[in-house]
Amino acid sequence: MTITRKVVKFLCSVQQRERFNIALETHYARLYRLAFAWTHQSCLAQDLVQETMLKALENQGDLDNFDQFGAWLSKIMHNKFVDNLRYNRRWEWADEAEVDDCLSEACTESKLIQSQTEDALHNAMSKLSFEHRQAISLSDIQGFSYQEISDITSTPIGTVMSRISRGREKLRFLLDKSYSEQRKVVPLRGR
Amino acid sequence: MSVVIEKYQMHAYVDGELSSPENLEIEQLMETDESLREEIIQISTLKRHVKDSYQLVNVPPYQPLVDNKKTGWQLPKSAVAALFIGILLGFFSVNMPFNQALLSSSSQPQMAEKKYLIHLDSSNPKKLAAALDQTEKLLVKGGSGMQVDFITNYEGVKLFDVNNPNREKLEGLLNRFDNLTLYACKRALARAMGKDVKFHLLPQVKHDKPALDAVVERLNEGWKYIKI
């Protein structure tokens, strides 16, 4: 009986790991888009996703419910991002405003991408404070509920509500500003 | 008395976060209040715009990760099935202690334990010292069959700078053990160069790929991963 139990346990763990790897692959694109929305730099987003996935592998035993896989991964990524910025000073956290300026400064790679696409929305998003950007991206890109966002970011639900509302209002303002600047017509010379 | 709908309530309505009576109240008001209706439409449009815009982001190809922490092996299904049948057959034909020995030896792969990947991403002196100690310990314990790759990224790449105080110890290890390989993250170096920080890497350090790619590669090959 002991051996049979061991074999069954072993088979279950192999099956569980396979399931875990499939879930990781399924969530990869969504996770990358979220990381990109937070960092607006392709290289940083890649690092963040890879670190998140490694951490998830290390702690896969902590996952109770596969239905919560997306929220669980997002929470790991949130913790990684905040740790990297605030504590390890890996990405040189100074204060919220400075970090947002720093994050909106593109690296060479993303400068190239940006020059090709010039996406007004991404530019406007990168100018929001991280808290606003994070709340909006978790809600609009990932489709999490306010309660789930509150759990992921360890923030009261009222704060989540306020961040989403204020963040979107600021985003609208920035987009309107950007569109009105784009509408300014450069007069033709030599008429 | 006119009811005032706050901004946060409008956003919560669009996000489907209000209760049924609150939803009903807003919907009834929208029938008569054109500005409220316009506001709700604008918020909904913005929400959709955010979602659509990030859907267009170019996602780099997925690189599967393999967890080798527990078994060190990624067994194919057929191998697992064969192992299961083999153990059952053995269980009915041979005595118990032998079976137990077989099972315990098959769940403790020997080869994978001979390959270690040490990953350091910090320039914290305590972590640097711990990483070097761990490397030395593994190399001494493992003998010639042992293979150790030492990978650094972020601030960790400073360990491989020629001016690092640990240089002597590191070079000592390299001289003693030819089964030790050092890697510095290509991306971390490029990023540091972008900030005008000059690194003079030890000549023995390889730096042809990003650290995380190297980590993933090793994990796929069945190496044990140690994060310092």
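This is a predicted model: local features need pLDDT of at least 70, side-chain atom pairs count only at pLDDT 80 or more; totals for chains, interfaces and linings use all residues.
Residues are numbered from 1 along each chain as its sequence is written, chains are lettered from A and ligands numbered from 1 in the order in which they are written, and side-chain values use heavy atoms, with hydrogens and water left out.

**Chain A**

Chain A holds nine helices and zero strands, where helices are DSSP runs of H or I with at least four residues and strands are runs of E with at least two, numbered from the N terminus. Of its 191 residues, 52% are buried, that is, under 20% relative accessible area with a 1.4 Å probe and protein chains only, while exposed means over 50% and partly exposed lies in between. Chain A exposes about 9700 Å², and carbon and sulfur atoms supply 50% of this area, as given by the Shrake-Rupley method with a 1.4 Å probe. Among contacts (heavy atoms within 4.5 Å) between residues of chain A at least 6 apart in sequence, 67% join residues at least 24 apart.

**Nonpolar cores**

A nonpolar core is a set of buried Ala, Val, Leu, Ile, Met, Phe, Trp, Tyr and Cys residues joined through side-chain atoms within 4.5 Å. The largest has 63 residues, of which Phe20(A), Leu24(A), Trp38(A), Phe69(A) and Tyr54(B) touch the most other members. Helix α1 (residues 2-39) of chain A gives the largest share of this core, eleven residues. Leaving aside residues up to four places away in sequence, Phe69(A) touches Phe20(A), Ala23(A), Leu24(A), His27(A) and Leu63(A).

**Strands of chain B**

Strand β3 (residues 180-184) of chain B has four of its five residues buried, so it is largely enclosed by the rest of the structure. Strand β2 (residues 147-152) of chain B pairs with β3(B) in the parallel sense over five bridges, pairing being defined by at least two DSSP bridges between two strands. Leu182(B) in β3(B) is the bridge partner of Phe150(B).

**Cysteines**

Over all chains, a search of the whole structure finds zero disulfides, meaning pairs of cysteine sulfur atoms within 2.5 Å. Two cysteines are listed below.

| Residue | Relative accessible area | Class |
|---|---|---|
| Cys43(A) | 9% | buried |
| Cys185(B) | 6% | buried |
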